[in-house]
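Please open the model in your viewer and keep the sequence panel beside it. The tour below goes from one selection to the next.

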Amino acid sequence: MKVYSCFPGGLSKALTMSYDDGKYQDRRLVEIFNKYGIKATFNLNYGQMGAEPRMSVEEIGDLYKGHEIATHSFTHPTIAREPMAEAAREILKDREGLEEMTGEIIRGHAYPNGSYSEEIKALFKSLGIAYARTTKATETYELPADPMEWNPTCHHNDPRLFEHADFIVDFPKKQYLKLLYVWGHSYEFDNDDNWDRIEKFCEKVSGKSDIWYATNIEIIDYMERAKRLRFDAACTRVFNPSSESVWLQVDTDKYIEAMPGETTHLLDAVKR
Ligand SMILES: [Zn+2]
């Protein structure tokens, strides 16, 4: 018997988006994402909110509802050039502000100016950051080997964007987990006069029953839960110690839900 972990619902493909800086063009972008049911993460600098053209706390209101708000540092410095104490303050002050604004526990990050180092990765992790996005395009669909150095598939202006969209829509094989991860800034659509590009992209990839539309932190938290599953040596039983379900593929065509706090007998579950 083969047992594989899956995305929620037994899916093996996912899409996530990541947009930086919280400028007012995010309004139009959120509207497009909401129209197509696409989930995104928005990386905000609390210390710069309200400084034109960035939205203020009041202007943001519940704009990002249903999406993830993540840190992007307090003032958007090139952190790898800063003393570590300053880098620590940048992340903590951003977290505190965003957490006060949302009432949530904020654990995501996108490195401002794409700047980081091994020291910064370790520092941010110790300060409660669960993952951090870079600006390095992989042009592939793999889950991050190191969540503190999460390289996206591509920027939305990447010439291969629609090739990647076709891939995630069409890829039929279920023996792999595939993730398409696109990042950018919403103001770039104004600068480049190409809002039709993101609209066309969203239209293409949306509404597919075999794609999981997720925020960055939903993917990280889910994969963490999958890692915490406890199997017996024969892989016939699995205990899920988390508070939410994890999905497994058994053999090639059966899917089971490992319920939170329960032991699931895989053989019994696949017969049902
Ligand atoms: Zn930025």
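Begin by selecting β1 together with strand β12 (residues 246–250), which run antiparallel and are joined by four bridges. Before going further, note that this is a predicted model, in which local features need pLDDT of at least 70 and side-chain atom pairs count only at pLDDT 80 or more, while totals for chains, interfaces and linings use all residues. Residues are numbered from 1 along each chain as its sequence is written. Helices (H or I, at least four residues) and strands (E, at least two) are DSSP runs, numbered from the N terminus, and two strands pair if DSSP finds at least two bridges between them.

Within this pair, pick Val-3, which stands opposite Val-250 in β12.

Next, select helix α5 (residues 161–170) and helix α7 (residues 195–205), whose axes come within 9 Å and cross at roughly 15 degrees; axes are lines fitted to C-alpha atoms, for helices over the stretch in contact, and angles run from 0 to 180 degrees between N-to-C directions. Helix α5 is therefore roughly parallel to α7, a term that covers angles under 35 degrees.

Finally, show the side chains where the helices meet: Leu-161, Ala-165, Ile-168 and Val-169 of α5 are in contact with Phe-201, Lys-204 and Val-205 of α7, contact being counted when C-beta atoms, placed from the backbone, lie within 7 Å.

Notes
Angles under 35 degrees count as roughly parallel, over 145 as roughly antiparallel, 65 to 115 as roughly perpendicular and the rest as oblique. Two residues are in contact if their C-beta atoms, placed from the backbone, lie within 7 Å.
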